[in-house]
Amino acid sequence: MSMEELVRRNRSYRRFHPEVRVGRKTLEELVDLARLTASAKNGQSLRYFLSCTDRLNDVIFPHLFWAGYLKDWDGPEEGERPAAYIVVLQDTRIEKEPVIDAGIAAQTILLGAVERELGGCIIGSISRRELAVHLGFAPHLEIRIVVALGKPKETVVLEPMGPEGDVKYWRDAEAVHHVPKRSLREILLN
């Protein structure tokens, strides 16, 4: 699969086939890809918590907030929830301030997931303190993001952004998820 195809297929999937399991070995392989990426000052301050069991997934799920633009949707229902999660944390003993490492790592994880016929969603809206307590994280480990993973159960379509410039994604009557994107011409300055 070409890099362009990987990027085009890497969408924010929010509904999954939970019966398609994602094993710990796959999660470890995805984190190993992230481990190899660039890190600010080469600090390598990120740590990862892997979840691929129903018990742990059930602990994580209630602390996540899904798809803010879809006001009438509270997130995936039972039967369409992710099969796995990777909680990305920063070890503040190494680096106190948030840096771009978590975004680089999460994108790499998702590209690796797409290559494996999986998909996911980077979630930044999290009840961080409560989730950290439930998972027993030490105070020096701060949750940055959670990556939800699984076999996508939805279709996501990229749309040209309309003339009004609205960036809000939406779902149509068939539950197809539409995501408006600015044109290349609009984002290039010269």
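This is a predicted model: local features need pLDDT of at least 70, side-chain atom pairs count only at pLDDT 80 or more; totals for chains, interfaces and linings use all residues.
Residues are numbered from 1 along each chain as its sequence is written, and side-chain values use heavy atoms, with hydrogens and water left out.

Let me begin with strand E3, residues 84-91; strands here are DSSP runs of E with at least two residues, helices are runs of H or I with at least four, and both are numbered from the N terminus. Two strands are said to pair if DSSP finds at least two bridges between them. On one side of the bookkeeping, E3 pairs with strand E2 (residues 46-51) in the antiparallel sense over 6 bridges, and Tyr48 has Val88 as its bridge partner in E3. E3 is also joined to strand E5 (residues 141-152) by 8 bridges, again running antiparallel.

How buried is E3? Buried means under 20% relative accessible area, exposed means over 50%, and partly exposed is in between, with a 1.4 Å probe and protein chains only. By that rule 8 of the 8 residues of E3 are buried, so the strand is largely enclosed by the rest of the structure. In a regular strand the side chains alternate between the two faces of the sheet. In E3 both faces are covered, with Ala84, Ile86, Val88 and Gln90 buried on one side and Tyr85, Val87, Leu89 and Asp91 buried on the other.

That leads to the nonpolar cores, each a set of buried Ala, Val, Leu, Ile, Met, Phe, Trp, Tyr and Cys residues joined through side-chain atoms within 4.5 Å. The largest has 27 residues, and those with the most contacts inside it are Ile60 and Val87. Helix H3 (54-60), E3, strand E4 (119-123), helix H5 (128-135) and E5 each supply at least two residues of this core. If we leave aside neighbours within four places in sequence, Ile60 is in contact (heavy atoms within 4.5 Å) with Phe49, Ser51, Tyr85, Val87, Leu131, Leu135 and Val146. A second, separate core of 22 residues includes Val31, Leu50, Ala105 and Leu149.

There is also an open sheet of 3 strands in the order E6-E8-E7, with mixed pairing. Its edge strands are E6 (156-160) and E7 (170-171), each of which pairs on one side only. E6 and strand E8 (residues 177-181) pair in the parallel sense over 5 bridges, and Glu159 has Pro180 as its bridge partner in E8.

Finally, the charged pairs: a salt bridge is a side-chain nitrogen of Lys or Arg within 4 Å of a carboxyl oxygen of Asp or Glu, and the count comes to 16. In one of them, the side chains of Glu117 and Arg9 meet at 3.1 Å, N to O. Glu117 lies in the loop between helix H4 (101-115) and E4, and Arg9 in helix H1 (residues 3-9), so the pair ties together parts that are 108 residues apart in sequence. Another salt bridge links Glu28 and Arg24, with the closest N and O atoms 2.9 Å apart; both residues lie in helix H2 (residues 24-35), 4 residues apart, about one turn of the helix.
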